[in-house]
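Good morning, everyone, and thank you for coming. Please keep the sequence and the structure in view while I talk, as I will go through how two chains meet and then turn to a ligand.

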Amino acid sequence: MMQDKKQTIYLTKDGFQEIQVDCDKQRSLLIHVDKRRFIQLYVTYLGKSATLDITIQMDQGAYGEIVFWNETRDKFHANIWMRGEKDAVLKLGIGDLSSSNSEINICGDLDHSGMQFHVTTAILALFKHVQMEMHHKTSYTEAVMKNFAVVTDLGSYQMHASGRIDKGAKHSVSHQQTSVLTLSQNQTSEVLPILYIDENDVKASHATTLGQPDDLQLYYLCSRGLSRAQAIALLTHGYLMPIAGVIQKETLSARLADLIEEKVMVHAKYL
Amino acid sequence: MAVLNISDLHVNVEDKEILKGVNLVIKDHETHALMGPNGNGKSTLLAAIMGHPKYTVTKGTIMLDEQDVLAMRVDERSRAGLFLGMQYPSEISGVTNSDFLRAAINTRREQPISLFAFIKQMEQAIKDLDMKSDLAHRFLNEGFSGGEKKRNEIVQMKLLQPSIAMLDEIDSGLDVDALKLVANEIKAMQENNHMGLLVVSHYERFYELLKPTHAHVLINGAIVMDGDERLIQKIDTLGYDWIESELGIEIQEESVKQVSSIGLCGVKQRGDGQ
Ligand SMILES: Nc1ncnc2c1ncn2[C@@H]1O[C@H](COP(=O)(O)OP(=O)(O)OP(=O)(O)O)[C@@H](O)[C@H]1O
Ligand SMILES: [Mg+2]
């Protein structure tokens with residue numbers, strides 16, 4: 001029997017930190033960022049199978065760039081809850097290019113003015129289902145959701161992303177964009193962007209693009225000597241690269257770029 | 001020694017025959033000017049040689065030395081020494097110029113090029129073409145001005161060192177100074193590696209700088225006239241009408257309807273693909 005294990009990471013100092021979480025041993029994680037701190041946190045999830053509850057608490061005026069990188073092998077079920085206080089800014093990245101079947105739920109509670117949640121997901125899908133909701137409960141809150149996915153042969157990708165703006169949450173901003181590159185006819189991708197808006201004085205938008213690699217782009221890349229598989233690998237890499245920019249730190253970006261390349265090449269072999 | 005030999009080439013686009021038997025031989029160190037009114041098949045010829053997926057060769061042969069170009073995939077044609085500087089290069093978000101070019105160079109090497117050697121080469125090419133130094137790190141053609149796109153094609157050509165290069169209106173979008181610069185770069189490269197050139201342009205001034213050894217006029221899908229620099233000058237002053245009457249042919253103008261349907265198609269495709 002797996003034990004319920006809790007871990008709290010309390011971040012009281014500015015700067016970059018990196019941790020690894022063994023999901024086979026752990027069930028819940030609380031990341032707590034102290035007020036007015038500027039933190040960068042890179043978390044790698046390891047192990048075979050995960051059922052995780054993750055809470056990110058941003059105290060007043062805290063700024064965080066946090067990336068969760070999934071390296072579990074079989075199953076990854078995660079509930080992520082983002083919450084905070086006035087003027088807290090959280091930029092969360094979720095990178096899942098793992099072999100796991102993943103189900104990820106993300107909830108953001110925007111209940112103090114000046115709060116901003118930006119979520120970027122980069123997903124290479126065999127089986128990856130994501131649901132997220134950014135809930136604006138008060139005025140002057142902002143949520144931006146950017147989702148990038150590459151769906152491989154036999155893959156299943158679901159992205160249900162919603163922005164919910166309550167009455168009275170004036171001057172709220174809710175934007176979302178989902179871009180899906182499908183590498184096979186033999187896959188299912190479902191993108192469902194939703195906006196529930198109960199207030200007039202807001203800015204909101206959503207955009208979705210979904211499709212196969214562009215023939216003309218492939219032709220252009222191939223006309224310089226790249227094989228079709230190499231060209232698709234390069235496009236795929238480009239698609240997923242936004243995750244490498246969530247934490248603004250060059251050495252980490254370079255590491256993530258390499259990691260993405262490695263994963264992409266594994267798939268490119270079968271193209 | 002490279003020879004590109006095109007013989008009786010017929011090409012269809014969407015079941016419409018555009019090229020109706022083109023014959024052309026380009027040897028190394030030669031510069032061929034390909035002219036003709038809009039919509040008569042110049043780009044089609046170049047695209048068919050490179051292997052554009054939309055253009056179907058229904059008859060004829062293309063040989064590069066002893067190699068059957070039509071039997072090769074696009075990437076194989078490139079590695080065999082063909083290069084096409086495109087009239088409308090694609091924009092590719094997420095892929096940096098340098099990642100792309102390094103991959104392209106590596107496809108023609110046993111051992112991957114060292115990062116140091118690559119950066120040196122790329123920086124030199126960027127400098128030669130008087131482009132901004134951040135070019136390497138920008139996404140491929142994304143947000144580039146017309147002229148920057150064209151110069152970027154030449155940067156690629158410099159790094160890939162083809163034996164036969166085809167340039168499709170590479171001069172459009174360039175101002176007078178840039179035109180000179182690009183022409184000089186092309187000439188210098190040709191002096192160096194003796195590449196053969198097939199150049200499409202509507203601009204006599206560009207040809208003047210490149211000094212073509214041969215000139216051809218493509219009308220209604222066939223080369224109807226061959227000559228040298230004098231032919232270019234004559235077309236510059238007189239246009240194409242005299243060729244029509246001299247040869248007793250009539251240029252079929254590109255119909256507006258066709259163009260708009262291509263446009264829609266292009267937009268739809270792009271929307272699907274991103
Ligand atoms: N992708 C395409 N789909 C459909 N028709 C096409 C396509 N590309 C070219 N055509 C048609 O083929 C004919 C030749 O076009 P092409 O682009 O080769 O002309 P061109 O000589 O290069 O003209 P320009 O000087 O304007 O560049 C035109 O009638 C054009 O409409
Ligand atoms: Mg053309």
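This is a predicted model: local features need pLDDT of at least 70, side-chain atom pairs count only at pLDDT 80 or more; totals for chains, interfaces and linings use all residues.

Between chain B and chain A there are 12 residue pairs in polar contact, with both residues at pLDDT 80 or more; a polar contact is a pair of N or O atoms within 3.5 Å, where within protein one must be able to donate a hydrogen and the other to accept it, and residues adjacent in sequence count only if both atoms are side-chain atoms. On chain B, the side that touches chain A takes at least two residues from each of α1 (42-50), α2 (74-80), β6 (82-85), β7 (92-96), α3 (97-106), α5 (146-160) and α10 (256-273), the helices (H or I, at least four residues) and strands (E, at least two) being DSSP runs numbered from the N terminus. That side of chain B is made up of 15 nonpolar, 12 polar and seven charged residues, and Gly is counted as polar here.

Residues are numbered from 1 along each chain as its sequence is written, chains are lettered from A and ligands numbered from 1 in the order in which they are written, and side-chain values use heavy atoms, with hydrogens and water left out.

How many salt bridges are there between chain B and chain A? The count is one, and it joins A:Arg224 to B:Glu153, with the closest N and O atoms 2.6 Å apart; the term asks for a side-chain nitrogen of Lys or Arg within 4 Å of a carboxyl oxygen of Asp or Glu.

Turning to ligand 1, we find 19 residues around it, the closest being B:Gly39, B:Lys42, B:Thr44, B:Tyr55 and B:His202, where a residue counts if one of its heavy atoms lies within 4 Å. Oxygen atoms of ligand 1 lie 3.0 Å from a backbone N or O atom of B:Gly41 and 3.3 Å from a polar side-chain atom of B:Gln87.
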